[in-house]
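Dear colleague,

Please find below the structure that I am handing over to you. I would be grateful if you would read the notes after it with the model open beside you.

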Amino acid sequence: MDPILGFMGTTNMSHNTNLMIAAAATTTTTSSSSSYSSGGSGTNQLSRYENQKRRDWNTFGQYLRNHRPPLSLSRCSGAHVLEFLRYLDQFGKTKVHTHLCPFFGHPNPPAPCACPLRQAWGSLDALIGRLRAAFEENGGSPETNPFGARAVRLYLREVRDSQAKARGISYEKKKRKRPPPPLPPAQPAISSSPN
């Protein structure tokens with residue numbers, strides 16, 4: 001049995017621990033946004049991205065502390081990041097149809113179904129990007145960054161492809177629109193009238 005699936009299948013994290021992580025994420029969100037919104041000067045305020053990155057980093061740190069056994073960041077690997085992503089699925093809001101569902105592959109199903117809610121691929125991809133940046137900003141080296149591990153990239157690709165099939169939505173790369181070539185400068189008309 002896959003050790004990651006075995007971990008997630010067992011009750012290593014109790015219901016109380018799950019609630020603590022969710023509460024920590026909510027508390028962190030509330031406290032960080034209020035502390036920076038009341039800062040007064042515009043130079044002290046962080047961007048929305050920076051605030052979200054800090055909240056995500058704190059939530060991941062809380063997850064590591066509540067892990068059984070607790071994990072230090074230096075011992076964290078891509079496998080632990082995958083555990084974290086699978087753990088987050090329970091808080092997802094995106095309906096992902098199973099192969100047996102009659103609405104499998106339909107982007108707008110006509111009726112409700114019992115398929116599970118999951119984290120959307122785009123949300124997971126953005127989360128990993130923020131955590132990857134936060135890891136390096138907090139002293140981690142790019143070579144040991146667990147959020148950039150090959151297994152994490154493959155997992156995100158698998159989630160993207162499976163959700164695209166299940167929901168009937170293609171995630172094709174958008175082609176960049178190239179700006180039209182600049183027009184040559186207009187040349188002034190030369191008059192040949194005698195003086």
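The notes below describe what was found, beginning with the whole chain and moving on to single residues.

This is a predicted model, in which local features need pLDDT of at least 70 and side-chain atom pairs count only at pLDDT 80 or more, while totals for chains, interfaces and linings use all residues. Residues are numbered from 1 along each chain as its sequence is written, and side-chain values use heavy atoms, with hydrogens and water left out.

**The whole chain**

The protein chain holds 6 helices and 2 strands; these are DSSP runs, with helices being H or I of at least four residues and strands being E of at least two, numbered from the N terminus. Read from the N terminus, the order of the elements is α-α-α-α-β-β-α-α. Of the 195 residues, 34% are buried; buried means under 20% relative accessible area, exposed means over 50%, and partly exposed lies in between (1.4 Å probe, protein chains only). The accessible surface of the chain is about 13300 Å², and 56% of that surface belongs to carbon and sulfur atoms; such areas come from the Shrake-Rupley method with a 1.4 Å probe, and for residues only the protein chains shown count as cover. Among contacts between residues at least 6 apart in sequence, 64% join residues at least 24 apart, where contact means heavy atoms within 4.5 Å.

**Helices H3 and H4**

How do H3 and H4 pack? Helix H3 (residues 48–66) and helix H4 (residues 78–88) meet at an angle of about 105 degrees, and their axes are 11 Å apart. Axes are lines fitted to C-alpha atoms, for helices over the stretch in contact, and angles run from 0 to 180 degrees between N-to-C directions. The two helices are therefore roughly perpendicular to each other; angles under 35 degrees count as roughly parallel, over 145 as roughly antiparallel, 65 to 115 as roughly perpendicular and the rest as oblique. H3 contributes Thr59, Phe60 and Tyr63 to the contact, and H4 contributes His80, Val81, Glu83, Phe84 and Tyr87. These residues divide into 5 nonpolar, 2 polar and 1 charged; Ala, Val, Leu, Ile, Met, Phe, Trp, Tyr, Cys and Pro count as nonpolar, Asp, Glu, Lys and Arg as charged, and the others, Gly among them, as polar.

In general, most peptide bonds are trans. Serine 77 also belongs to the loop between H3 and H4 and is partly exposed, at 29% relative accessibility. Serine 77 and proline 146 are 69 residues apart in sequence, yet their C-alpha atoms are 5.0 Å apart.

**A buried phenylalanine**

Phenylalanine 147 lies in the loop between helix H5 (121–137) and helix H6 (150–167). With a relative accessible area of 1%, phenylalanine 147 is buried. Leaving aside neighbours within four places in sequence, its contacts are Trp57, Phe60, Val81, Ile128, Leu131, Arg132, Phe135 and Val152. Phe60 and Val81 also take part in the contact of H3 with H4.

**The strands and the loop between them**

Threonine 94 is placed in strand S1 and is buried, with a relative accessible area of 15%. Apart from residues up to four places away in sequence, threonine 94 touches Pro116, Leu117, Arg118, Ala120 and Arg167.

The loop between strand S1 (94–95) and strand S2 (117–118) includes phenylalanine 104, which is partly exposed at 26% relative accessibility. Histidine 97 is in the loop between S1 and S2 too, but is buried, at 5%. Among the residues that histidine 97 touches are Phe104, Cys113, Cys115 and Ala166.

**Cysteines**

The rule used here asks for a pair of cysteine sulfur atoms within 2.5 Å, and the count comes to 0 disulfides. For cysteine 115, the closest cysteine sulfur is in cysteine 101, 3.6 Å away, which is too far for a bond. Cysteine 101 is buried, at 9% relative accessibility, and cysteine 115 is buried, also at 9%.

Yours sincerely
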